[in-house]
Number of protein chains: 2
Amino acid sequence: MISQEMLKLGTSKSVIRELAGFGAQRAAIVGAENVLDFSLGNPSVPAPKEVQDAIVDIIKNYEPKVYHSYSSGAGHDGCRTAIAENLNKRYGTNYSKDNFIMTCGAAASLNITIKALVAEPGDEIMVLAPFFPEYTVFIAAQGGKQVLVPCKDDMQLNVEGIKEALTPKTRGIIVNSPNNPSGVVYTKEEMQELCDLLVEKEKEYGHPIYIIADEPYRELVLIDGLEVPFIPNMYKNTVVCYSWSKSLSLPGERIGYVLVPNNVDDEQLIAACGGAARALGFVCAPTLFQLVIERCVNVEPDLTVYKKNRDLLYDGLTKLGYNVAKPAGAFYLFIESPDGDSEKFSEKAKEYDMLVVPGTGFGSKAHMRLSYCVETEKCEKSLEVFEKLMKKYK
Amino acid sequence: MISQEMLKLGTSKSVIRELAGFGAQRAAIVGAENVLDFSLGNPSVPAPKEVQDAIVDIIKNYEPKVYHSYSSGAGHDGCRTAIAENLNKRYGTNYSKDNFIMTCGAAASLNITIKALVAEPGDEIMVLAPFFPEYTVFIAAQGGKQVLVPCKDDMQLNVEGIKEALTPKTRGIIVNSPNNPSGVVYTKEEMQELCDLLVEKEKEYGHPIYIIADEPYRELVLIDGLEVPFIPNMYKNTVVCYSWSKSLSLPGERIGYVLVPNNVDDEQLIAACGGAARALGFVCAPTLFQLVIERCVNVEPDLTVYKKNRDLLYDGLTKLGYNVAKPAGAFYLFIESPDGDSEKFSEKAKEYDMLVVPGTGFGSKAHMRLSYCVETEKCEKSLEVFEKLMKKYK
């Protein structure tokens with residue numbers, strides 16, 4: 001007599017959780033330092049000192065009512081204004097606090113946006129594979145229908161495939177760049193092609209198609225000089241879903257935003273997002289961390305370790321003969337298994353106490369995801385294991 | 001082309017928000033100290049010193065990864081164990097961490113529970129009026145059908161009315177005691193009657209009917225020696241939705257839990273709640289505050305001001321001839337307007353810069369809600385206004 005759908009979600013086997021369990025078992029036997037665990041997306045770079053300083057400073061200098069009381073549903077004015085100013089400076093935009101709703105992280109932002117966009121059951125949200133598997137859960141929970149379009153072999157946008165899959169029921173398309181799980185940054189040229197296609201299709205259908213830009217990795221760009229296109233500047237009907245989980249290493253604190261620019265076609269979309277936040281029970285984003293963000297919005301993440309790990313692994317793996325999507329951001333590599341079966345590869349890797357996640361859940365059985373948000377030493381050690389494994393395949 | 005339902009929720013007039021706007025306008029003219037604002041449920045007692053000490057201590061003594069990383073979906077083991085031990089000591093229960101899912105506050109807990117219980121669209125969730133108006137929003141968003149049953153004139157349980165409204169589709173009944181907006185604590189005798197009725201109906205229907213105990217005010221009991229019945233000890237099919245918003249004055253931090261005892265009929269209900277939390281995008285409860293709760297779970301709120309305000313207002317108002325539901329907990333009074341029209345009364349009160357919320361949205365147009373989580377001086381001043389207003393009605 002309970003929801004079988006929710007039960008299934010609550011009891012479904014999680015490959016990542018099972019790997020974590022195996023890793024914990026092995027760590028108890030061989031020591032944590034000898035388990036090469038590349039399964040999780042928990043940032044290894046600690047939250048910057050500015051965050052700790054801000055928390056202590058707020059607590060020492062203000063009354064608890066100032067930082068622990070409810071904020072408005074959209075969030076504290078000061079925090080939203082600081083975010084608007086940060087983006088305006090970086091991208092030449094003209095946002096104000098009124099373009100933002102503070103949220104409990106990117107998962108909240110995505111659910112809110114999808115719930116606001118799905119006008120009727122069966123309205124379509126497009127997802128580009130490989131993709132973050134929880135998209136499937138969120139879209140279903142908010143009454144949408146997921147339409148999956150695989151990327152090209154290099155994990156870049158497949159604009160032709162997207163064109164074929166668009167229908168008059170497409171409400172939005174989730175664009176996640178830098179991408180989880182591939183680490184790929186979609187190029188400006190291909191993004192432009194996508195935007196042109198969408199403008200054309202909007203005209204054809206007579207209604208907007210939104211890009212839902214899922215951007216928790218926006219600041220994690222690991223190639224010097226590489227620019228991640230700021231999508232609202234390329235395409236007006238864009239909603240940005242952001243989180244500080246990765247850029248400030250605050251994944252547990254659940255703090256992010258939804259940004260809806262003024263010039264989107266549905267001028268009441270941000271109000272509908274506010275309604276969706278209310279309907280889902282979010283009330284407001286955690287208030288102490290809203291004040292922390294106001295003070296730390298200009299702090300840049302230290303990417304030294306991620307860059308080092310990326311270079312080391314990408315160079316090492318390609319030298320060993322692995323086919324790896326060219327990583328430019330986030331802290332993931334998407335590696336093709338030599339025989340196209342990542343599940344088998346992941347099992348074999350476990351024999352060497354190395355944990356990589358099969359890509360099946362991310363939309364590609366051939367690839368596995370390696371999260372290199374770990375100590376560099378473990379990356380070095382892993383190359384020896386990858387070498388041994390490659391020999392087995394030859 | 002967006003969700004009209006969400007747009008309506010996002011743009012609907014909020015009486016409380018409008019009162020707040022009026023209050024801010026008046027404060028700019030006559031000074032905040034002269035606006036008698038009884039409209040909000042933001043605790044006036046600051047979060048206890050133990051909370052601030054815990055935050056600073058955690059930050060000074062641990063690495064950011066310890067407190068800012070993701071927890072499991074259910075929450076940190078230590079936090080859940082501490083809560084289980086606290087309840088076991090107070091209520092003689094035998095809970096473990098596995099009975100708890102940490103959540104982003106009571107609104108999250110309620111949405112999660114309702115989503116897990118609604119097996120089919122149209123499954124019914126019963127709500128007892130007067131009630132917290134967001135219940136209506138949450139039930140609709142999770143696909144349920146709200147069935148409203150008014151309480152008796154004294155705002156106590158109307159077991160006869162509940163009996164008539166139960167159907168084979170009733171999945172749950174929300175019990176909120178101490179009650180928002182009435183401040184009433186349902187008596188043990190009436191709760192027992194309700195539980196007996198539900199056991200009888202469960203037999204008749206052949207399936208469980210859950211009590212969803214919404215308990216953010218559990219610790220706010222203002223009459224010495226009065227016991228709020230712990231519902232899971234009276235009725236096995238109970239799910240408790242808790243929050244520290246009021247007891248530790250942390251409304252902005254979004255921290256609470258769902259408790260599902262082992263002996264509920266659907267032994268997989270807690271797994272379904274975990275699935276619902278995932279589907280709604282909650283990921284995990286804010287992690288720093290999970291560690292704070294672990295350390296502060298035994299801290300008791302300072303109720304001195306609330307007790308003083310309650311006594312002063314209840315005595316004063318009844319002496320003036322107002323009909324007031326007997327308040328025993330929370331920080332609300334539910335006052336009958338002399339002519340049965342709380343909307344008119346609220347308008348008249350504004351002429352004296354006094355803000356009380358008409359009860360229409362809470363399920364009773366005759367009554368208004370007064371939140372006395374304010375300075376005692378304002379309560380004293382308000383009695384003069386109530387006296388003047390009563391004279392107008394005579």
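Q: What does Arg278(A) form a salt bridge with?
A: Its partner is Glu134(B), and the closest N and O atoms are 2.8 Å apart. A salt bridge here is a side-chain nitrogen of Lys or Arg within 4 Å of a carboxyl oxygen of Asp or Glu. This is a predicted model, where local features need pLDDT of at least 70, side-chain atom pairs count only at pLDDT 80 or more, and totals for chains, interfaces and linings use all residues. Residues are numbered from 1 along each chain as its sequence is written, chains are lettered from A in the order in which they are written, and side-chain values use heavy atoms, with hydrogens and water left out.

Q: How many salt bridges between chain B and chain A?
A: The count is 2.

Q: And how many residue pairs in polar contact?
A: There are 22 between chain B and chain A, both residues at pLDDT 80 or more. A polar contact is a pair of N or O atoms within 3.5 Å; within protein, one must be able to donate a hydrogen and the other to accept it, and residues adjacent in sequence count only if both atoms are side-chain atoms.

Q: Which helix gives the largest share of the side of chain B that touches chain A?
A: That is α10(B), with 8 residues. Helices (H or I, at least four residues) and strands (E, at least two) are DSSP runs, numbered from the N terminus.

Q: What area is buried between the chains?
A: About 5700 Å², of which carbon and sulfur atoms give 63%. Buried area is the accessible area (1.4 Å probe) that two parts lose on being put together, summed over both. Met1(B), His68(B) and Arg278(B) supply 14% of what chain B buries against chain A, more than any other three residues.

Q: Switching to the sheet: what is the strand order in chain B?
A: It is an open sheet of 7 strands, β2-β8-β7-β6-β5-β3-β4, with mixed pairing. Two strands pair if DSSP finds at least two bridges between them. The edge strands are β2 (100-103) and β4 (145-150) of chain B.

Q: In what sense do β5 and β6 of chain B pair?
A: Parallel, over 4 bridges, with β5 at residues 170-175 and β6 at 210-214. Gly172(B) stands opposite Tyr210(B) in β6(B).

Q: Which strands does α7(B) touch?
A: It packs on β3 (124-129), β4, β5 and β6 of chain B, with contact meaning heavy atoms within 4.5 Å.

How values were computed:
Axes fitted to C-alpha atoms, helices over the stretch in contact; angles between N-to-C directions.
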